[in-house]
Amino acid sequence: KDEFRSLALKNPDRAVGLSKKCGKPLYLISLATEDDPLQPIFDIIKNLAKNSKQEDELYFALDAISLYVTFNKIPFQQVEFFVGACVPCLVKSDVCWAAFSRFYARYSILDPTGLYEAVEQQIDILNAKEDYGPIFKIVGHAFVFKKDQGKKFFDLESVQDSIRNVNEFSSPTTIKEGLSLLSLLCSDEELRKEIAVKFISVLTHGIKSNDIDIQELSTLVIIKTWSFTQVELEKSISIDELYNTITKKFTKTTIEGLAYLSIKPDVRRRIRNDDEVVFDLTKLLDKSQNDSQEDLYGVLVVLANLTTIEEKSEVSELKKHAQKGLESNIEEDPLEIVEFQADLLERNILASISGHEVSPNSIIQIVRLIFNLSTSKDNRPQILAQGGLKIILKFLNLSTFPEETKIIAYRAVSNLLLTTDPKTIFELRQAQYALFLFLKTEELPLKDQLPALISL
């Protein structure tokens, strides 16, 4: 390193050439310090980024600059050119995308206004050129990094134009990127409503595409925006067609779509009767088949929804919202749900779940699922045999366990002890202690007190 630093001071062109040949700009940048930023090195790299006609040389320079500004506090005005040089390459080069992400993170802190204005200018240029892919990547990245900044970009007329025009002018890849952006933005309620109003024609057009991935993504966004009423009024697609499209090719998109769709009673009934979809869902509980925390969470949400025998007083605001304008007279048959619960246990689902390291969000769904299964006394021996009680007691020891979920977990323990011979329960003392804690809960309803006391 000392020899290379000496070379960088004496012959910066040679040092940059060697670093470029090795493809390691980080090593070159690591030589710079706040006291000695090696300005000649930076000037050479900057010149490459501005003037190079060779892609590999340009990518090297952009990568180096993004690293350089990470280690050195450079005023945005001195590196504003980076945005114009990097943005057009975002889709075709992973190196450029990584460099842009690094640069964006740095100047979102140092000069957010300067950064926003420079990026906005590039978005306008890209839209005029009908080059929409980089626009979608930038807006999505900004939204994930800082939601308000992402929403500000989304409000730009050039961004909304690019989404409206993408079906007409772009490649399937770019269309998918645009739909993926809409799907991401749906996590914000305000944007979800805006998307439903402004882009429903884009989405219905996408559903009719010959590309199954475009069909799926369009369907997912419609599901997320709760636009079923609008779609049905347009007589263009039904709920059944949405279900058929989202399950046509079982993917991540399918799982996410079913997590939303399974809030509707008639869809829940359809999924329970769809052996192929149930098989695909439960298969993903096997760790050897799936190591994605995101997919696991989605599957758990669907299964928890499918196994719920809902009391009228427990309909959540989300479910009311989901069914708004879509009320049906379909009532779920509790016996059908109990049969489905038994079928899941025959598939050994709890034993499969126990093999995963799970996220806090997944824990909530696992507790819901085990409680739902425990409401039928016929299921309880299988739950115990598959380690369901052990799973619940393990979660109850977590300090981060949400209070609402903890109550559901206690109810599951109460159910499991209620009709089981205590001599057959290995975790009896832990379970009894959990119920003692449950009974100490303030304002515990009588419907919870009595089963817990009997279980003890």
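1. A word on terms to begin: contact means heavy atoms within 4.5 Å. With that in hand, look at K137, which touches L90, V91 and W97 when residues up to four places away in sequence are not counted. K137 and W97 are 40 residues apart along the chain, and their C-alpha atoms are separated by 9.0 Å. You will find K137 in helix α10; helices (H or I, at least four residues) and strands (E, at least two) are DSSP runs, numbered from the N terminus. K137 has a relative accessible area of 22%, so this lysine is partly exposed. On that scale buried means under 20% relative accessible area, exposed means over 50%, and partly exposed lies in between (1.4 Å probe, protein chains only).

2. Please keep in mind what kind of model this is. It is a predicted model, in which local features need pLDDT of at least 70 and side-chain atom pairs count only at pLDDT 80 or more, while totals for chains, interfaces and linings use all residues. Residues are numbered from 1 along each chain as its sequence is written, and side-chain values use heavy atoms, with hydrogens and water left out.

3. Next, the aromatic rings. Rings of Phe, Tyr and Trp (its six-membered ring) pair if their centres lie within 6.5 Å; planes under 30 degrees apart count as stacked, over 60 as edge-to-face and the rest as tilted. Searching the whole structure turns up eleven aromatic pairs. One of them is stacked: F42 and Y68 have ring centres 4.5 Å apart and planes at 15°. F42 sits in helix α4 (residues 39-51) and Y68 in helix α5 (residues 55-71), so this pair ties together parts that are 26 residues apart in sequence. F42 counts as buried at 1% relative accessibility, and Y68 is buried with a relative accessible area of 1%.

4. Together with F82 and Y107, F76 and F103 form one aromatic cluster.

5. Two lysines are placed over rings. A charge sits over a ring if NZ of Lys or CZ of Arg is within 6 Å of the ring centre and within 35 degrees of the ring normal. K50 lies over the face of F81, at 5.0 Å from the ring centre. For K152, the ring is that of Y116, with 4.2 Å to its centre.

6. Two backbone angles deserve a glance. E130 is not a glycine, yet its phi is positive, near 60°. This residue belongs to the loop between α9 (112-128) and α10 (133-145), and E130 is partly exposed at 43% relative accessible area. N348, also not a glycine, has a positive phi of about 65°. N348 lies in the loop between α24 (334-346) and α25 (349-353) and is partly exposed, with a relative accessible area of 37%.

7. Finally, which helix gives the most to the nonpolar patch? That is helix α31 (residues 446-455), with four residues. L446 in helix α31 is exposed, with a relative accessible area of 56%.
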